[in-house]
Amino acid sequence: MKKSIRFKGRLRNFIFAPMFLTILLILMNIPLYLYRWESGMAVSVFTVIYFLVVTMSYQRNKAVFANELINFAVQYGTVQKKLLNELDIAYAIIDYDGKILWVNDKFTEITGKDKGYHRSVTSLFSHITREVIQKNKDDCQLHVDWGEYDFRALLRRIEFSGISTDNPLVSMEGSEEYLTALYLYDETQLNKYIRENDDQKLVAALVYIDNYEEAFNSIEDVKRSLLAALIDRKINKYFINIDGLVRKIEKDKYFVVFRYIYLSQLEEDKYSLLEEVKTVKVGNEMAVTLSIGIGSKGDTYNQSYDYARMAIDLALGRGGDQVVVKEGERVTYFGGSSKQVDKNTRVKARVKAHALREMIESRGHVIVMGHHIADVDSFGAAIGVYCAGRVLGKRVQIVINEVTTSLRPLKDNFTEENGYEPDMFIDSETAIEETNNNTLVMVVDTNRPNYTDCPEILKKTKSIVVFDHHRHGSEVVENPILSYIEPYASSTCEMIAEVLQYFTENIRLAPCEADAIYAGILIDTNNFMQKTGVRTFEAAAYLRRCGAEVIRVRKMLRNDMADYKARAEVMRYAEVYRGAFAISVCPARKVESPTVVSAQSANELLNITGIKASFVLTEYQNKIYISSRSIDEINVQQIMERLGGGGHASIAGAQLADCNVEEAKYRVREIIDELIEKGEIEQ
């Protein structure tokens with residue numbers, strides 16, 4: 001049985017409106033019968049004739065009307081499809097699993113895939129994966145490449161709930177699937193102009209001669225002008241090759257401006273100026289070294305210059321002879337592999353001592369803290385600050401959360417029975433309660449806020465002082481009122497010993513206090529065998545005059561049997577990688593302070609013939625601690641920096657929280673391979 005055509009909705013109401021008027025005419029006719037019978041009959045006859053005419057007209061034109069509607073719909077759909085197919089934006093329909101269902105002509109023109117291509121969209125654009133399509137409920141935008149084109153891809157869901165359920169061809173009730181519309185907006189030209197604009201931006205750079213006084217004092221007066229001229233020529237020639245502008249602002253400082261497009265060229269060249277300047281010889285015994293700070297991607301020229309100043313401060317704080325590039329928040333290091341020069345002048349130590357005295361005198365309370373899991377160096381430095389505060393009559397407290405086996409014999413000397421305050425040593429919770437705006441917080445043996453024993457107190461006061469001998473990293477304590485960071489120093493205890501000599505004339509150290517500071521120097525220099533200079537021995541001599549006893553310190557630094565056995569395990573199972581790198585694991589079981597034992601083991605591994613660097617890993621407190629050591633050929637600090645750590649060229653370390661021991665060993669080997677391939681490590 002053939003079904004008749006039926007209209008629904010507003011269209012039906014519109015078509016049947018004339019028939020509905022018949023009801024209105026009947027209602028109007030009733031009062032006419034009451035008023036005059038003849039008039040009522042006349043209107044009734046008219047109503048019947050009207051109804052018959054309207055009904056016949058509907059039946060006769062129904063098929064024609066429906067046909068016209070269908071033709072309009074077809075033409076409208078054809079126009080829509082034609083417009084979509086000829087749209088100047090690449091467009092595609094993708095199903096729930098990422099399969100391409102339909103593409104327009106522009107999509108075909110760009111990708112070369114016709115409308116019969118029904119494979120996964122991931123085969124064309126690797127960034128548009130099935131997970132991306134299914135996880136993003138709202139519009140998702142990402143950047144994709146196709147050949148020479150750069151596109152901004154927009155993924156928009158087409159829910160099946162928007163499709164009429166009356167459609168006999170589609171039945172998706174209760175389905176969680178959907179279609180996705182993919183739009184590809186061509187941003188090739190836009191990105192090209194953005195890159196060209198960025199390439200033309202100016203980059204500010206500061207070039208400092210690290211050892212100007214030392215190098216020039218080592219030659220005759222008549223040759224000094226020649227040496228200065230040769231250095232000027234090297235610097236000017238290097239930057240003129242990249243169309244740079246060089247201006248000498250002081251006898252040992254230069255200001256340079258060049259375009260950003262040349263920055264990558266300098267990086268590929270590995271800033272050969274650092275090595276070229278070292279070749280300048282006119283009788284000077286000491287090679288000239290440079291530090292370069294580069295600032296770019298600032299919103300203004302002044303901001304780029306500020307970035308350059310921050311970069312040069314980082315370069316100098318890390319020991320000089322290197323380049324630091326600061327691009328916004330991103331900091332990159334180059335060079336820094338040469339041995340740092342030990343400066344014999346004590347002028348800086350004297351200036352810092354007087355400044356520290358003024359800081360302590362102007363504050364009512366001093367809190368000293370070192371790095372997490374304090375070692376002998378940080379403890380000895382804290383004791384030195386305690387002595388300085390005691391001379392000025394200030395209350396000084398030391399933050400220590402965990403006492404290691406190597407630290408306990410030293411700490412046991414500072415008791416109430418020996419005349420020290422019961423609250424001399426406090427934990428983090430007490431430090432937070434004690435800190436206020438009138439508190440001077442002094443950080444020793446680290447310059448990273450997250451490495452300190454209590455980072456929270458750094459936010460509770462604006463009076464912060466930093467004393468450290470480690471090289472600067474990208475993360476440093478912000479806005480200290482006094483910062484004394486000297487990478488050339490063997491230890492923080494050496495720096496503190498120098499400062500105490502200029503702090504005041506009547507300062508006196510008790511033997512146990514001198515022992516603690518002396519022990520810090522002894523440990524960090526590996527019994528005066530590493531990173532030892534003239535000033536190291538002078539500091540040790542000063543402490544010896546204050547009552548430090550070598551034999552007494554040696555007894556306090558002895559290890560127990562468990563630690564000795566752990567070191568033996570490290571030596572026994574050490575792996576020699578690439579014939580020159582010793583990698584081993586320190587067992588944490590039955591060892592009270594595995595991080596201390598791993599550092600000691602790393603030193604002992606260097607006694608093996610042919611070993612240039614050692615790496616000892618240990619798992620402690622849900623982290624992997626890495627202690628690295630070298631004698632002179634390998635800069636282990638560069639390796640540890642790539643793992644988020646730092647230190648010195650011969651002594652460095654890192655902490656990893658996102659891996660296990662085997663993964664950490666793999667990452668160390670991977671970095672060694674990378675540096676060897678780049679030529680930064682020679683075998």
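A nonpolar core here is a set of buried Ala, Val, Leu, Ile, Met, Phe, Trp, Tyr and Cys residues joined through side-chain atoms within 4.5 Å, and buried means under 20% relative accessible area (1.4 Å probe, protein chains only). Take Ile383: leaving aside its neighbours within four places in sequence, Ile383 is in contact (heavy atoms within 4.5 Å) with Ile398, Phe414, Met424, Phe425, Glu513 and Ala516.

A word on what you are viewing. This is a predicted model, in which local features need pLDDT of at least 70 and side-chain atom pairs count only at pLDDT 80 or more, while totals for chains, interfaces and linings use all residues. Residues are numbered from 1 along each chain as its sequence is written, and side-chain values use heavy atoms, with hydrogens and water left out.

Stepping back, the chain holds 23 helices and 23 strands; these are DSSP runs numbered from the N terminus, with helices being H or I of at least four residues and strands E of at least two. Buried residues make up 47% of its 683 residues.

Now follow helix 17 (residues 511–524), whose 14 residues reach 20 Å from the first C-alpha to the last. Because 12 of those 14 residues are buried, helix 17 is largely enclosed by the rest of the structure. Glu513, Ala516 and Tyr518 are among the buried ones. Their cover includes helix 13, helix 16 (492–503), helix 18 (534–545) and strand 23 (651–656). Just after helix 17, Asn526 takes a positive phi of about 55°.

Elsewhere you will find an open sheet of six strands, in the order 7-8-6-9-10-11 and with mixed pairing; two strands pair if DSSP finds at least two bridges between them. Its edge strands, strand 7 (245–250) and strand 11 (330–335), each pair on one side only. Within the sheet, strand 6 (residues 202–209) and strand 9 (residues 290–296) run antiparallel and are joined by six bridges. There, Ala205 stands opposite Ile294 in strand 9.

Technical notes:
Buried < 20%, exposed > 50% of the residue type's maximum accessible area, 1.4 Å probe, protein only. Expected span 1.5 Å × (residues − 1).
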